[in-house]
Amino acid sequence: MLLTIEPDGPVPIYQQIRDRIVEAIATGQQPAGSALPSTRQLAVDLGINFHTVNKSYDILRQEGLVRINRKSGAVIRRDAASGPPEAGWTQDWTGRLATLLAEAAAQGMTPEQIAAHCRAAVTGFAFPDPAPDAQEGQV
Amino acid sequence: MTAASLTAILAVLFAGVSLWVAPALTRPTLQFGVRVPPQHTGDPVIRRERRGYYWRAAAVLLTSAAAALALAGSGLAGWAAIVLPGELAADFGCFWLARRRITAVKDAQDWFAGLKQRVAIDTSWRTEPLRYPVKWLIPPVAVLVATAVIGAARYPDLPSRVATGFAASGAADRWAAKSLWNSFAKVAGQLWVTGLWAGLLLIIYRSRPDTDAGEEGGSSRRYRSFLGTYARAVLVLVTLVNVSLLLAALRTWQVYRLSGIAAALPVLPAAIGLVILLGVAVRTGQAGSRLAGPAGAGGLAGGGGAAGGGGAAGAVNRDDDRFWKGGLIYINRDDPAIMVGNRFGVGWTPNLGNPKGLLLYGGIAAVIIGLIVVRVLLAG
């Protein structure tokens, strides 16, 4: 997986790392079962404090996307092929999505434009072939 | 000419040529230790300073080589060893001048204004790491063991006084009472060189690769290929240095005796190893910047005009000049890395902002200084 961060950007680095890993899972670059570098290795490669990486991995673990194991390190726990999301997750996500879409509406985008952007964003994701359930769950 | 002055001349030539080609071995976005956005790699100041550096460094090389030759030919052969530090200082001056002029224009025109500065990595470097070339450690260790075995076999038969220095004619001119130290100093040298480089390469294999933002995939692949090749060339050099030390030890142990210029024989394997390493460095470039693929090399004489590393998304590498003191020494307290890639020439440098990097550097320096002190004390 290729990971790019903007160290001096407005978004906190731990958030950027978390976001890039979630995107890599969605695009199929990091399928379920694939390994992530250890927190120390990722910190050395990005030239940042390893507590920052720890924080990202901890968020991913709480979100159920990553499994952290003393022996095997950090491993991706689930992806699009792992079935529908856990109970309660969709409700939480819908709340955050509403804010994001509200920004577009407030800036004067039409419903068609908003929907077109959503479709464009999803086309890059890797879904398992017969996936009506997963599609419904995502958008 | 004596063996010692031939060694001094070879060192002057090698250092001069290595530093002369150095600007061509780094990627176009690093010019004399200055981080340059891809949009500015063909800037007039960079073309001018590169041209200027090649001329000045060539003049330094020719002057130093001529001085070393003249000293070797005269009765002052011992002074030929003084030329190398002078040459290094002059080359550093050339580097410093180019760096200062490029930095001045970069700051005045604010080259990084409005650019998104990024750090890019390829996580497969960790999840599918490059294998350490363990098999390539066999030849240097084999030479070391052979030297120790020959020494152990010869030691009981050595006379009570052994030669520790050799004159121009190849005849011994310094003697000392036989001791384990002066009989086995060359084996200790082999142990030090082999251990040091095996250890440093281990750290380097675990260090971060130089990856270009906007060109992450390609630069990461080139780095793998570069490290694999360069590490093997380093281990070939270590093998040949050990062969050099073996030849020098055999002379101390009175296995053979050569006179005149032939007395320089022990220097030859190490010199060949250095030429191989330089050849590999020129072929690959620092971090593989001269290997085939997009965003490849800056030409030797050209201005490195082709934009390298500029991704479609307009991502540029982070301007990290503030962590590089004098463009050569890396000090970044927030960076957990122990070693990072050089910014000028091919190789790696420790992060002196990291206590482990400082310890590593201090340790190596202490051993080198210790060896020199021991040598001076023994000679005195």
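Visitor: Which helix and strands each supply at least two residues of the lining of the largest cavity?

Guide: This is a predicted model, in which local features need pLDDT of at least 70 and side-chain atom pairs count only at pLDDT 80 or more, while totals for chains, interfaces and linings use all residues; side-chain values use heavy atoms, with hydrogens and water left out. Residues are numbered from 1 along each chain as its sequence is written, and chains are lettered from A and ligands numbered from 1 in the order in which they are written. A cavity is a set of points, on a 1 Å grid over the protein atoms alone, where a 1.4 Å probe fits but cannot get out; its lining residues have an atom within 4 Å of a point. Helices (H or I, at least four residues) and strands (E, at least two) are DSSP runs, numbered from the N terminus. Here, helix H2 (39–46) of chain A and, from chain B, strands E3 (116–122) and E9 (339–341) each supply at least two residues of that lining. E3(B) gives the most, with 4 residues.

Visitor: How many residues line the largest cavity, and which lie nearest its centre?

Guide: The lining holds 26 residues, and nearest the centre lie B:Arg35, B:Val119, B:Arg208, B:Asp210 and B:Asp320. By class, the lining divides into 10 nonpolar, 6 polar and 10 charged residues, where Ala, Val, Leu, Ile, Met, Phe, Trp, Tyr, Cys and Pro count as nonpolar, Asp, Glu, Lys and Arg as charged, and the others, Gly among them, as polar.

Visitor: How is a pair of aromatic rings described?

Guide: The distance of the centres and the angle of the planes describe such a pair. Rings of Phe, Tyr and Trp (its six-membered ring) pair if their centres lie within 6.5 Å; planes under 30 degrees apart count as stacked, over 60 as edge-to-face and the rest as tilted. Over all chains, the structure has 20 aromatic pairs. One of them, B:Phe226 with B:Tyr230, is stacked, at 5.4 Å centre to centre and 25° between the planes. Both residues lie in helix H7 (residues 216–252) of chain B, 4 residues apart, or about one turn of the helix.

Visitor: Are B:Phe226 and B:Tyr230 buried or exposed?

Guide: Buried means under 20% relative accessible area, exposed over 50%, and partly exposed in between (1.4 Å probe, protein chains only). Both B:Phe226 and B:Tyr230 are buried. A tilted pair is formed by B:Trp324 and B:Tyr330, with 4.9 Å centre to centre and 45° between the planes. B:Trp324 counts as buried because its relative accessible area is 5%, and B:Tyr330 is likewise buried at 5%.

Visitor: Which charged end sits over the ring of A:Phe50?

Guide: A charge sits over a ring if NZ of Lys or CZ of Arg is within 6 Å of the ring centre and within 35 degrees of the ring normal. The charged end of A:Arg40 lies over A:Phe50, 4.0 Å from the ring centre. In chain B, B:Lys178 is placed over the face of B:Tyr155, 4.4 Å from the ring centre.

Visitor: What is phi of B:Asp110, and where is its place?

Guide: B:Asp110, a residue other than glycine, has a positive phi near 50°. B:Asp110 stands in the loop between helix H3 (80–109) and E3 of chain B, and is partly exposed because its relative accessibility is 46%.

Note on methods:
1 Å grid on protein atoms, 1.4 Å probe; cavity = no way out; pocket = protein on both sides within 12 Å on 5 of 7 lines; lining within 4 Å.
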